[in-house]
Amino acid sequence: NDLCKILTNFIESLEKSNVPFSVINQFFFQVFYYINVGIFNSIANNPSLVNFNLSIQLKVLISELENWLNTNKKILYSWNAYKPQIVSIVDLSNLLVIDKASINSNMIDIAFNSLNIFQIKYILDVYNQYNPNEAIPQNVIKDIAKSGKMEEKERVSAQKVVVDDSKLFNL
């Protein structure tokens, strides 16, 4: 994987430069968040990507990142420390791979915790539009709209679908 090769080059360069352990880890927290924002927002801005095949590719990427972290655990924190930085693409891949007819409001509150209701509804609406042979039943989408996550309307400004990139590089 090219991404893992690039990450390895970064870690080797930082190690050779005697950068402190804490700074290296903070750097990779930011890199993982950047990966999360870049991938999620690219998908949100390109609806034709919202499909089952993409979910498999995301799952493979997430697995490769986890494996890469495990091979570098002398220097970096564990996967569990970094996973929150990419949780949006983890939840997105889970949403795309799951049997859409089985989705209900209880599942949304638990399984896709990092995604707001607007993101979930947008992804499912786009999925229906670009995958008509696998359309999600309208009762499922209505159930989602009635879910407990609808309370987020007050917290979420301007119905944001993309992930907030303002957290990047705030140390």
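**Entry 1: helix α5.** I began with α5 (residues 87–97) and found it mostly covered, with eight of its 11 residues buried. Buried means under 20% relative accessible area with a 1.4 Å probe, protein chains only. I listed the buried ones: Ser 88, Ile 89, Val 90, Asp 91, Leu 92, Ser 93, Leu 95 and Leu 96. They pack against α2, α3, α6 (105–111) and α7 (117–130). Helices here are DSSP runs (H or I, at least four residues), numbered from the N terminus.

**A note on the model.** This is a predicted model, where local features need pLDDT of at least 70 and side-chain atom pairs count only at pLDDT 80 or more, while totals for chains, interfaces and linings use all residues. Residues are numbered from 1 along each chain as its sequence is written, and side-chain values use heavy atoms, leaving out hydrogens and water.

**Entry 2: α2 and α3.** I checked how α2 (residues 21–44) packs with α3 (residues 52–71): the angle is about 175° and the axes are 13 Å apart. That makes α2 roughly antiparallel to α3, a label for angles over 145 degrees. Among the residues that meet are Phe 28 and Phe 32 in α2, and Leu 54 and Trp 68 in α3.

**Entry 3: Val 140.** Is Val 140 buried or exposed? I found that Val 140 counts as buried, at 6% relative accessibility. Val 140 lies in α8 (residues 138–145). Leaving aside neighbours within four places in sequence, Val 140 is in contact (heavy atoms within 4.5 Å) with Lys 100, Ala 101 and Ile 103.

Technical notes: Helix = DSSP H or I, 4+ residues; strand = E, 2+ residues; numbered from the N terminus. Buried < 20%, exposed > 50% of the residue type's maximum accessible area, 1.4 Å probe, protein only. Axes fitted to C-alpha atoms, helices over the stretch in contact; angles between N-to-C directions. Parallel < 35°, antiparallel > 145°, perpendicular 65-115°, else oblique.
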